[in-house]
Amino acid sequence: MAVMAPILHSEFIEQEQYVKNPHLDHMEEDILYHFNLGTKTHNLPAMFGDIKFVCVGGSANRMRSFAQFIHQQLKLAGNADDIRDICEGTDRYSMYKVGPVLSISHGMGVPSISIMLHELIKLLYHAHCRDVMLFRIGTSGGIGLPPGTVVITDKAVDSFFRPQFEQVVLGKVITRSTELDKGMAEELLQCSTELHNFPSIIGNTMCTHDFYEGQGRLDGALCSFSTEEKLEYLRKAHEAGIRNIEMESTVFAAMCRICNLKAAVICVTLLNRLEGDQISTPHEVLVEYQQRPQHLVAHFIKKQLALI
Ligand code: R2B
Ligand code: URA
């Protein structure tokens, strides 16, 4: 059998390597299926080689608005309304590039963000990117916080309050640490004191595999527990330092950590879960809340680029 030429350019790997997969070196082509991109069909170094910041968030529309906002904040040339979805050939994820910033949607939940992260990390590798920082900007349910508070994650924990992510691989459970970059979290908190227009804290974030029963909600199609049991669980979570609940942080933290990518999670709280389950806040208020993590990350990026 003919030996295929390795596609993964070992001569560029002088620093840490983002991917952790020896098989990739023996592939002739790598198709990033859910992005509709590939190493043979696209010049990934030319398209993405200058990326320094990657921001991910659940909704495609929100990540488009974020890209437009960053375009304006970085005072880039051209019209922000013309920014095109690089993944327009697929409706799985949306991706926008504005200068050194990549903005990508990841959908809801661990499996959806995990598929996106595999392909994103390979994309950064194929494009020979260096010193990239990742941010997850999202929404969450707060515990004991006024709605609209931004929580910068200290530890991402699972539903048992453990700072770890479990993945089943070949029928065995692999446990990975979910430690995030402390320096980024501190700098983001500092950015919030400089912006001083919304409350921000550093706290632990619990990642669940469900929005309803999995987050102790009483208002799903199924519920097997009482109001008292729900509140007892949320109080215990609060005692463990958990200040908000969302659905992607553990796998995001675990994958970034293993792949040597500095990462932070910044989520705004839409409600206080000690006071209710339904999200009844008016739409315009929710839209403003969702811009808060974007403002924090934009400020961080501008400081990194020495624009302020
Ligand atoms: C926050 O909001 C979504 C559920 O509404 C989920 O993706 C998350 O983490
Ligand atoms: N996202 C979540 O995962 N939970 C909430 O309560 C709100 C947003």
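## Residue classes and the model

Ala, Val, Leu, Ile, Met, Phe, Trp, Tyr, Cys and Pro count as nonpolar, Asp, Glu, Lys and Arg as charged, and the others, Gly among them, as polar. This is a predicted model, in which local features need pLDDT of at least 70, side-chain atom pairs count only at pLDDT 80 or more, and totals for chains, interfaces and linings use all residues. Residues are numbered from 1 along each chain as its sequence is written, chains are lettered from A and ligands numbered from 1 in the order in which they are written, and side-chain values use heavy atoms, with hydrogens and water left out.

## Ligand 2

By class, five nonpolar, four polar and two charged residues form the shell around ligand 2. Among them are T139, S140, G141, Q215 and R217 (a residue belongs if one of its heavy atoms lies within 4 Å). Strand β6 (133–142) gives the most, three residues (strands are DSSP runs of E, at least two residues, and helices runs of H or I, at least four, numbered from the N terminus).

A polar side-chain atom of R217 lies 2.7 Å from an oxygen atom of ligand 2, and a side-chain N or O atom of Q215 is 2.8 Å from a nitrogen atom of ligand 2. The protein covers 93% of the 240 Å² of accessible area that ligand 2 has on its own (Shrake-Rupley method, 1.4 Å probe).

## Ligand 1

The shell around ligand 1 has three nonpolar, one polar and three charged residues. An oxygen atom of ligand 1 is 2.5 Å from a side-chain N or O atom of E248, and one is 2.8 Å from a polar backbone atom of M247.

How values were computed: Polar contact = N/O pair within 3.5 Å; in protein donor to acceptor, adjacent residues only side chain to side chain.
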